[in-house]
Amino acid sequence: MMEDILKTFGMNKPVIIWDEDKEVEADFVFPAQMVNKEIINFFVSKGKGLLCLAAEEEYLINKGFFKLPTNNYDKLKTNYFITIDYKNTKTGISAEERSKTIKSFSDDLNITHFKYPGHVQLLGSIGINKRKGHTEASVELMKLLNLKPFAILIEILDANGNSHNYDYIKSLSEEFKLPLLNIEDIYSEVIRKKLFVKPISEAKLPTRYGDFKIIGFENNLDGKEHFAIYKGSLKKEPLLVRIHSECVTGDVLSSRKCDCGSQLHKAMRKINEVGDGLIIYLRQEGRDIGIANKIKAYELQDKGLDTVQANLEIGMPADNRDYAVAAQILKSLNIKSIILMTNNPDKVNQLRKYGIEVIKNEEHLGEITEENRFYLKIKKEKMNHNIKI
Ligand SMILES: Nc1nc2c(ncn2[C@@H]2O[C@H](COP(=O)(O)OP(=O)(O)OP(=O)(O)O)[C@@H](O)[C@H]2O)c(=O)[nH]1
Ligand SMILES: [Mg+2]
Ligand SMILES: [Mg+2]
Ligand SMILES: [Zn+2]
């Protein structure tokens with residue numbers, strides 16, 4: 001994929017980055033360092049949105065550029081900095097002058113070389129691990145290609161001026177032979193290539209189910225305090241692994257509504273028996289909607305909704321979990337190939353997408369009770385879990 005993208009840029013053509021989840025919009029993206037007036041003309045005539053120049057927020061601030069005041073306090077909003085023109089431009093609007101502005105910026109010039117406000121909109125990237133937007137994706141793409149981390153981008157509007165038209169994006173990509181990629185593709189590539197997680201502490205943990213060691217991590221991916229326990233050698237290949245999402249009601253309070261606690265303890269017993277293995281405990285309470293939301297969902301389940309319907313009813317996804325951090329924890333421990341104890345195909349698929357070799361998954365049934373039978377049946381029917389029930 002990366003080869004094709006570089007070739008495309010070499011032919012003075014942009015790529016299209018499609019945001020499937022957040023905005024459902026697509027942008028043209030091109031390296032700022034390769035800018036010229038033809039590509040700017042292509043951007044403004046075929047893209048028609050707002051011409052932006054994205055760089056890392058920290059870089060912009062270090063060079064003296066600053067954020068625009070805002071009354072929008074949503075943390076995930078577009079991170080607008082000032083608009084600029086290069087000092088020796090007239091009005092700054094022509095393709096040639098905007099190209100000059102962008103070229104000067106990518107020559108590492110600071111704010112003293114620019115006039116503001118101007119005709120090139122600066123955007124600050126906070127990293128694709130923190131925000132999955134076009135700004136972040138385009139800056140990350142440049143870094144993945146070993147180009148300067150500055151990108152130009154513009155939203156694509158269709159013939160009628162609408163921005164949410166996938167068919168139009170698809171036909172534009174075919175007409176001009178422009179690679180079409182998703183923000184998710186770039187995110188996965190970043191997860192496979194970089195490491196945001198590092199083990200920082202380790203201690204003995206004797207338990208009712210055997211003697212383990214427990215590891216703490218520094219985590220610059222999602223900032224949560226995930227941890228892992230293991231026994232024996234982590235060098236064993238493939239290693240027996242359980243990736244367990246937090247369930248405070250099941251794991252701590254021994255709730256009978258789900259099978260979580262029993263699955264956790266079963267994994268501990270199994271690893272103790274086998275001798276080598278790892279459990280990653282992910283702080284993804286309630287399939288990562290949080291405990292308060294899970295209780296809200298339970299309220300609706302008390303009234304007859306199933307676990308999937310209840311999540312959707314409160315405006316949450318049925319399953320909000322991203323296992324990128326689990327893949328990163330494995331990578332940080334130099335674990336490459338695993339046998340995963342799970343009935344959940346999404347765990348296997350996601351780990352593979354993030355570069356972990358899952359040799360196979362091993363059925364991992366928890367305790368079935370009168371109270372959790374319906375819950376498990378729904379997981380089998382609606383979430384494709386391989387549970388025999
Ligand atoms: N939203 C919601 N979350 C729930 C409910 N019951 C359990 N959970 C959460 O579901 C998750 C279950 O985690 P796991 O057991 O690791 O994952 P799994 O999807 O069951 O897959 P397995 O690996 O086969 O066990 C935990 O985060 C629980 O808190 C529920 O009714 N609603
Ligand atoms: Mg956008
Ligand atoms: Mg489970
Ligand atoms: Zn549970």
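Predicted model: local features only at pLDDT ≥ 70, side-chain atom pairs only at ≥ 80, totals over all residues.

Colleague: How do helices H1 and H5 pack?

Modeller: In general, two packed helices are described by the angle between their axes and the distance between the axes. Here, H1 (residues 2-10) and H5 (residues 134-144) meet at about 100°, with axes 11 Å apart. Angles of 65 to 115 degrees count as roughly perpendicular, so H1 and H5 are roughly perpendicular to each other. Met2, Ile5 and Phe9 of H1 touch Leu141, Met142 and Leu144 of H5. That contact has six nonpolar residues, no polar and no charged.

Colleague: Which residues coordinate the zinc ion (ligand 4)?

Modeller: Look for the donor atoms: they are the SG atoms of Cys247, Cys258 and Cys260, at 2.1 to 2.2 Å. Along the chain, the donors are spaced C-x10-C-x1-C. Cys247 sits in the loop between strand S11 and helix H8, and Cys260 in helix H9, so the pair ties together parts 13 residues apart in sequence. Cys247 and Cys260 are buried.

Colleague: How many aromatic pairs does the structure hold?

Modeller: There are 14. Take Phe28 and Phe42: their ring centres are 5.2 Å apart and the planes are at 50°, so the pair is tilted. Phe28 is in strand S2 and Phe42 in helix H2, and both are buried.

Colleague: Which residues form an aromatic cluster?

Modeller: Tyr59, Phe65, Tyr86, Phe105, Phe114 and Phe150 form one. Of these, Tyr59 and Phe150 are buried.

Key:
Residues numbered from 1 in each chain as written. Chains lettered and ligands numbered in written order. Heavy atoms only, no water. Axes fitted to C-alpha atoms, helices over the stretch in contact; angles between N-to-C directions. Helix = DSSP H or I, 4+ residues; strand = E, 2+ residues; numbered from the N terminus. Parallel < 35°, antiparallel > 145°, perpendicular 65-115°, else oblique. Contact = heavy atoms within 4.5 Å. Nonpolar A, V, L, I, M, F, W, Y, C, P; charged D, E, K, R; others polar. Donors = N, O, S within 2.8 Å, 3.2 Å for Na, K, Ca; no water. Buried < 20%, exposed > 50% of the residue type's maximum accessible area, 1.4 Å probe, protein only. Phe/Tyr/Trp six-rings, centres within 6.5 Å; stacked < 30°, edge-to-face > 60°.
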